[in-house]
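Biologist: Please bring up the model, and let us talk through its charged side chains and their surroundings one question at a time.

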Amino acid sequence: MYGHQLYRIALSKRVEYFNKELQTGKCDSLEALTADLFIDIEDLKKELNKRGYFFVPDLNRFVQLEMGQAG
């Protein structure tokens, strides 16, 4: 799959795809995965951050955080 194809699917499915690829070991880092897909890593992170998804290097995956939900 290439980056332009990923942008045609729902955001949650995109995140699921990235996490699956990272967890199965097909790509050992987000940098390698985005390079394989011809996606700019910073653009990807910015887009996902705006929607509440953040990359956690220690987990090697994107996680969703609820913003403004204290307590």
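Modeller: A residue is called buried under 20% relative accessible area, exposed over 50%, and partly exposed in between. Please keep in mind that this is a predicted model.

Biologist: With that in place, does Lys26 count as buried or exposed?

Modeller: The relative accessibility of Lys26 is 58%, and the class that begins over 50% is the one that applies. Lys26 therefore counts as exposed.

Biologist: Which residue does Lys26 meet in a salt bridge?

Modeller: The side chain of Lys26 takes part in a salt bridge whose N to O distance is 3.9 Å, and the cut-off for such a pair is 4 Å.

Biologist: How many salt bridges does the structure hold?

Modeller: The number of salt bridges in the structure is three.

Biologist: Which residues are linked in a network of salt bridges?

Modeller: Glu47 counts as buried at 17% relative accessibility, as does Arg14 at 7%, whereas Arg51 is partly exposed at 46%. The network is made up of Arg14, Glu47 and Arg51.

Biologist: How many residues apart in sequence are the parts that Arg14 and Glu47 tie together?

Modeller: Arg14 belongs to helix α2, residues 11-23, and Glu47 to helix α4, so the pair ties together parts whose separation in sequence is 33 residues.

Biologist: Within what arc do the buried residues of α4 fall?

Modeller: The buried residues of α4 are Ile41, Leu44, Glu47 and Leu48. Viewed down the helix axis they line one face of α4, because they fall within an arc of 130°.

Biologist: Which residues are exposed on the other side of α4?

Modeller: The buried set, which includes Leu44 and Leu48, lines one face of the helix. On the other side of α4, the exposed residues are Lys46 and Lys50.

Biologist: Which residues form the negative surface patch?

Modeller: One of the members is Asp40, found in the loop between α3 (30-37) and α4 (41-50). Asp40 is partly exposed, with a relative accessible area of 41%, and membership requires over 30% and no salt bridge. The patch is formed by Glu31, Asp40, Glu42 and Asp43.

Methods: Residues numbered from 1 in each chain as written. Predicted model: local features only at pLDDT ≥ 70, side-chain atom pairs only at ≥ 80, totals over all residues. Heavy atoms only, no water. Patch = residues over 30% accessible without salt bridge, like charges linked within 9 Å, V, L, I, M, F, W, Y side chains within 5 Å. Areas by Shrake-Rupley, 256 points an atom, 1.4 Å probe, with all protein chains shown as cover. Lys, Arg positive; Asp, Glu negative; His and termini not counted. Charge placed at Lys NZ, Arg CZ, Asp CG, Glu CD. Helix = DSSP H or I, 4+ residues; strand = E, 2+ residues; numbered from the N terminus. Buried < 20%, exposed > 50% of the residue type's maximum accessible area, 1.4 Å probe, protein only. Arc of directions from axis to C-beta.
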